[in-house]
Amino acid sequence: MLVPIDWLGEYVDLPEGVSGAQVAADLVRVGLEEESIRGGDITGPLVVGRVLTQEPEPQKNGKTINWCTVDVGDANGTGEPQGIVCGAHNFGVGDLVVVVLPGAVLPGGFEISARKTYGHVSAGMICSAEELGLPSDGTDGIIVLSADEGLAPGQDAIALLGLDRETVEVNITPDRGYCFSLRGIAREFSHSTGAAFTDPALAPAERAPAATGDGFPVELRDEAPLRGNPGCDRYVARVVRGVDPAAVSPAWLQTRLTEAGMRPISLPVDVTNYVMLALGQPLHAFDAAALTGPIVVRRARPGERLTTLDDVARELSPEDLLITDTGETPLAIAGVMGGATSEVGPQTTDLLIESAHFDPTTVARSSRRHRLSTEASKRYERGVDPDVAAAAAQLAVDLLVEHGGGTADPAVTDVDERRPVEPIAFEPGLASHLVGVDYPRERVVEILREIGCAVDDSGSGDVSVRPPSWRPDLRGGPDLVEEVARIDGYDRIPSILPPAPGGRGLTHGQQVRRLLAGMLAARGLTEVLSPPFVGPEAFDALGYAADDPRRTAVRLTNPLREEQPLMRTSLLVSLLSVAHRNVARGTADLALFEIGLVTTGRQGQAPTYDVGSYPGPDAVQQIRDAVPEQPRHLAFVLSGELERAGWWGAGRAADWTDATATVRAVAEALAVEVTLRAGDEPPFHPGRCAEVLLADGTRLGVVGELHPKVVQRLELPARTVAGELDLDALVGASTESVEATTLVQQPAAHSDVALVVGQGVPAAAVEASLRAGAGDLLESVRLFDVYSGDQLEAGQRSLAFRLVFRAPDRTLKTEEVNALRDAAVQRAATDHGAAQRG
């Protein structure tokens with residue numbers, strides 16, 4: 001919000017010669033945030049000049065320039081006229097103009113110096129309004145000053161044109177919507193300094209006539225209120241006829257708009273913008289000749305469309321609140337933007353001024369849904385004062401009549417269906433209890449009345465507080481306490497550092513997450529953090545079947561992006577989108593991992609309650625029961641080359657062995673025993689996919705090579721591998737402490753066996769049988785060769801294992817090792833029909 005200091009001074013008494021920095025400091029004292037201070041950035045000689053001569057000189061490029069001599073008085077230090085080249089033609093000899101001389105600096109850091117151009121040395125520049133950052137008067141060219149104002153050459157033009165005025169930019173937080181106006185900022189300055197405040201809405205409100213009953217017909221029909229709140233509870237309509245379409249906004253109004261960051265457009269638009277900036281009430285002007293009436297405010301119907309003022313045809317949602325003509329033709333999205341059908345144009349003479357109060361939630365959702373953030377929607381979604389609607393309409397009518405030559409209809413429409421504001425029962429001692437500062441009861445009541453609250457104080461017990469109409473954010477005791485602390489001064493609240501309680505260190509789950517993140521990073525993987533929001537097309541890309549439970553995702557009521565309304569049910573859904581984005585930007589060699597939450601597809605609708613009220617333990621439990629489970633997962637993806645190629649030789653691309661090695665590294669880091677068995681589920685290749693199991697059979701997740709179709713859809717490198725594990729299950733399996741064992745100094749005995757089994761028998765299953773049959777002296781089993789070929793029958797393969805035996809107290813004899821080996825082979829034969837290969 002840009003706050004021109006001169007404009008602010010009309011509503012609150014400012015100290016003589018106050019600076020923008022001081023105003024900003026005073027506003028910061030009551031909780032507003034200063035962004036910057038603008039204005040006063042023109043330095044050096046900017047003066048009034050009189051054109052003495054003007055010689056047109058045609059140029060080879062077809063352009064005609066004017067070689068002028070200009071009297072600038074003593075501003076140049078010599079009293080001699082200045083020679084200046086100017087390309088504009090809207091002035092003549094004897095005119096008073098604005099001249100910037102060498103040494104000056106214009107807005108944007110543009111330094112002026114004498115320079116040779118078009119065969120002349122131009123000692124300065126004759127200025128246009130645009131070059132000085134001023135609003136245009138509707139004509140092109142330089143500024144021509146009036147000779148009737150008693151101006152003289154050499155007179156300072158900075159103060160004359162108001163270029164020394166400052167503007168303070170203030171950041172408005174969502175709970176302070178009333179500060180999106182000069183009225184609100186002036187009130188806050190008054191709270192900070194005690195300066196007298198004059199409400200700019202009082203005079204228009206006194207002039208505003210009451211509803212006559214025969215005004216332009218308006219009907220409020222909201223058949224689908226959000227959270228029980230009607231979309232519109234007040235609608236004021238005023239008609240002004242005979243407005244001159246050629247009327248130009250007065251210079252003072254254009255200056256106000258420009259200083260406040262808005263571009264002057266036309267008198268009707270400028271008037272509505274001025275009123276919005278002054279009072280905080282957005283207005284909309286309709287071309288009354290395009291309306292047949294009545295105005296009907298209703299929700300959109302399925303399939304309705306509206307072309308808004310930005311020339312975009314928009315598909316409307318049933319949650320959109322519309323302003324319609326006769327209930328049929330959409331005219332505007334309420335509180336967001338008007339439509340092209342009733343736009344005020346160059347031929348418009350009759351205007352209908354809308355000043356309404358719309359539901360903040362309705363406007364916010366429509367603004368986000370259509371990606372339309374307008375000055376009106378910013379104010380409506382933060383809360384607009386419903387009491388100021390009639391005053392705002394009256395002020396707009398007054399300006400149109402005065403500057404546009406229009407005539408206001410005596411008939412006035414004011415459909416008012418507002419509900420009474422319920423008072424808040426407030427214990428004044430709560431302020432001292434929550435803030436830690438001793439606030440006397442009298443001081444608390446005084447502050448609440450100062451900010452506009454109606455306070456009924458009996459002298460003891462609770463007080464009844466009715467917040468002002470411009471403060472919809474005040475809903476309960478803590479809100480009122482915040483106002484007491486803010487107005488009394490944040491600087492009065494002592495800064496006391498609470499003693500740090502004795503900590504118990506990291507939980508086991510936190511330790512596991514840190515350990516695994518560090519281990520994976522050490523293996524060359526990069527940790528990423530991806531948003532948990534996805535769209536249905538993400539499940540299609542991963543090849544999930546229509547009945548796959550991972551498609552049953554929790555849908556957000558108010559998503560950040562309409563195309564991503566679902567919570568992810570798998571970490572790979574979002575992690576693979578990160579990989580796709582990196583590959584699309586030229587980084588195909590990836591090793592990424594993420595630790596994050598997924599949301600199960602359990603559906604449940606939690607009840608909602610107003611902020612600031614405790615619904616009770618039963619309701620809280622109902623809310624908790626409706627919240628779906630959110631387990632923590634670990635996922636990774638490897639693509640492209642893991643070992644780069646170079647002068648040293650060929651590189652090595654990631655394959656399924658890297659995926660299984662990553663899983664085993666995770667298990668080894670936590671001292672958790674896992675096994676792998678063949679799996680088959682999207683998004684993995686059915687022949688190169690493995691399920692990861694704990695020793696007790698608990699399923700941890702799946703790893704393997706992505707299906708070729710998934711790789712193609714996501715445009716990833718061929719043979720990309722990935723995996724996803726249930727980290728919560730790993731944390732639970734790693735809670736038991738691992739005892740260190742004494743290193744055995746006895747020699748190990750090795751024995752290799754080659755077993756012939758069917759092609760469908762997993763190597764992991766054969767390994768498990770060997771372990772079970774070998775007994776306690778078996779130290780390790782390792783598969784070191786797999787063979788299938790002409791020397792074996794069709795449908796068979798040979799698995800070669802190395803068995804390592806070691807006894808803690810002696811050297812094993814050959815006979816013992818052979819017996820243990822034979823027992824292991826026998827168990828494999830019993831379980832899988834394995835036979836030793838000759």
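Student: How many helices and strands does the secondary structure of the chain come to?
Tutor: This is a predicted model. Its secondary structure holds both kinds of element, and the count is 22 helices and 43 strands.

Student: What radius of gyration does the chain have, against that of a compact globule?
Tutor: A compact globule of 838 residues would come near 28 Å. The C-alpha atoms here fill a box of roughly 125 × 85 × 60 Å along the principal axes. The radius of gyration of the chain is 39 Å.

Student: What share of contacts between residues at least 6 apart in sequence joins residues at least 24 apart?
Tutor: Start with burial: 47% of the 838 residues count as buried. Then take the contacts between residues at least 6 apart in sequence. The share that joins residues at least 24 apart is 70%.

Student: How far apart do the centres of the positive and negative side chains lie?
Tutor: The accessible surface is about 40,900 Å², with 50% belonging to carbon and sulfur atoms. For charge, the chain has 74 positive and 118 negative side chains. The centres of these two sets are separated by 8 Å.

Student: Which residue in β42 stands opposite Ala 754?
Tutor: Strand β40 spans residues 749-758 and strand β42 spans residues 796-805. They pair in the antiparallel sense over 10 bridges. Opposite Ala 754 stands Ala 800.

Student: Is Gly 833 buried or exposed?
Tutor: Gly 833 lies in the loop between α22 (814-832) and β43 (835-836). Its relative accessible area is 56%. The cut-off for this class is over 50%, so Gly 833 is exposed.

Student: Which residues does Gly 833 touch, not counting those up to four places away in sequence?
Tutor: Val 757 is 76 residues away along the chain, yet its C-alpha atom and that of Gly 833 are separated by 6.7 Å. The residues that Gly 833 touches are Val 756 and Ala 828.

Student: Which elements do the buried residues of α8 pack against?
Tutor: Helix α8 covers residues 360-369. Its buried residues are Thr 362, Val 363, Arg 365, Ser 366, Ser 367 and Arg 369. They pack against β17 (295-299), β20 (321-325), β21 (329-333), β23 (351-358) and α9 (375-380).

Student: Why is strand β38 largely enclosed by the rest of the structure?
Tutor: Strand β38 runs over residues 699-706. Buried means under 20% relative accessible area. The strand is largely enclosed because its buried residues number 7 of the 8.

Student: Which residue of β38 does Glu 691 stand opposite?
Tutor: Strand β37 (residues 684-694) and β38 pair in the antiparallel sense over 6 bridges. Their hairpin has 4 residues between the strands, and Gly 697 takes a positive phi near 95° there. The residue opposite Glu 691 is Val 702.

Student: Which residue in β39 stands opposite Glu 705?
Tutor: β38 also pairs with strand β39 (residues 721-726). That pairing is antiparallel and runs over 5 bridges. Opposite Glu 705 stands Val 721.

How values were computed: Residues are numbered from 1 along each chain as its sequence is written. This is a predicted model: local features need pLDDT of at least 70, side-chain atom pairs count only at pLDDT 80 or more; totals for chains, interfaces and linings use all residues. Side-chain values use heavy atoms; hydrogens and water are left out. Helices (H or I, at least four residues) and strands (E, at least two) are DSSP runs, numbered from the N terminus. The radius of gyration is taken over C-alpha atoms; the globule rule is 2.2 Å times the number of residues to the power 0.38. Buried means under 20% relative accessible area, exposed over 50%, partly exposed in between (1.4 Å probe, protein chains only). Contact means heavy atoms within 4.5 Å. Accessible areas come from the Shrake-Rupley method with a 1.4 Å probe; for residues, only the protein chains shown count as cover. Lys and Arg count as positive and Asp and Glu as negative; His and the chain ends are not counted. The place of a charge is taken as NZ of Lys, CZ of Arg, CG of Asp or CD of Glu. Two strands pair if DSSP finds at least two bridges between them.
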